[in-house]
2 protein chains.
Amino acid sequence: MIKARVTVTLKNGVLDPQGKAIEGALGSLGFEGVHQVRQGKVFDLEVDGTDKAEAEAKLKAMCEKLLANTVIENYTIALD
Amino acid sequence: MIKARVTVTLKNGVLDPQGKAIEGALGSLGFEGVHQVRQGKVFDLEVDGTDKAEAEAKLKAMCEKLLANTVIENYTIALD
C-alpha cells in the first residue's frame with residue numbers, strides 16, 4: 001500500500017475568483033499585507049501495491065483523466 | 001515577501017462524501033486498488049515582510065479564523 005498526495009493548483013494566468021474572495025475576506029478580518037491568494041485542491045489516497053514507479057504512473061493517469069483539468073490546472077504527485 | 005502554502009484536510013473520522021465520490025469515479029474509470037480517497041484544500045499566498053516567525057503566526061491566525069474549520073479540519077503551514 002502506497003500513500004500519495006496529489007496537489008492540483010490553477011495555472012499561472014488563470015483567474016481565481018475564489019482566491020480573490022478569500023483575499024478580500026482576510027482583508028476584512030484585519031489581515032493586512034496578504035496577496036496573491038490562490039486556492040487549489042489536495043487529494044490524499046492509498047494505492048495498492050509496493051512499486052512506486054507503477055503507482056506514480058497510475059496516479060498520473062488519474063490526474064489526466066479525472067483529478068485535474070489540465071487545460072487550466074497543474075498537478076503534482078508526492079508519494080509517502 | 002514570504003510565500004506560503006496552507007493545506008487544510010479533514011480530520012480522521014470525519015466523513016468525506018466528496019472523497020468517496022471520487023473513489024467511486026476512479027473505480028468506474030478502471031482504476032482498481034485505490035482506497036481512502038480524501039479531498040482537502042490548499043491555499044497559496046504571499047505575506048508581506050521577511051520575518052518567518054511573524055508570518056507563520058499570522059498564517060496560523062488566518063487558519064483559525066477563516067481558512068480552516070478547526071472543528072472538523074486540520075491545517076498545516078509551509079513557508080517557502
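Two strands pair if DSSP finds at least two bridges between them. Helices (H or I, at least four residues) and strands (E, at least two) are DSSP runs, numbered from the N terminus. The views below come from a predicted model, in which local features need pLDDT of at least 70, side-chain atom pairs count only at pLDDT 80 or more, and totals for chains, interfaces and linings use all residues. Residues are numbered from 1 along each chain as its sequence is written, chains are lettered from A and ligands numbered from 1 in the order in which they are written, and side-chain values use heavy atoms, with hydrogens and water left out.

**View 1. Strand β2 of chain A beside β2(B).** Let's start with two strands. Strand β2 of chain A (residues 34-47) runs antiparallel to β2(B), and 11 bridges join them.

**View 2. The interface of chain B and chain A.** Here 33 residues of chain B are in contact (heavy atoms within 4.5 Å) with 33 residues of chain A. About 2,800 Å² is buried between the two chains, and carbon and sulfur atoms give 67% of that area. Buried area is the accessible area (1.4 Å probe) that two parts lose on being put together, summed over both.

**View 3. The side of chain B that touches chain A.** β1 (2-10), α1 (17-28), β2 (34-47) and α2 (52-67) of chain B each supply at least two residues of this side. β2(B) gives the most, with 14 residues.

**View 4. The rotation axis.** Turn chain B by 180 degrees, with a shift of 0.0 Å along the axis, and it can be laid on chain A with an RMSD of 0.0 Å. That is the relation of a two-fold axis. For this, copies are superposed by least squares on the C-alpha atoms of residues with pLDDT of at least 70 in both. Which residue of chain B comes closest to the rotation axis? Look for B:Lys41, at 2.3 Å (C-alpha). The same surface serves both copies, as 100% of the contact residues of chain B recur in chain A.

**View 5. A salt bridge between A:Glu73 and A:Lys41.** A salt bridge is a side-chain nitrogen of Lys or Arg within 4 Å of a carboxyl oxygen of Asp or Glu. The side chains of A:Glu73 and A:Lys41 meet in one (3.5 Å, N to O). This pair links distant parts of the chain: A:Glu73 lies in strand β3 (residues 73-79) and A:Lys41 in strand β2, 32 residues apart.
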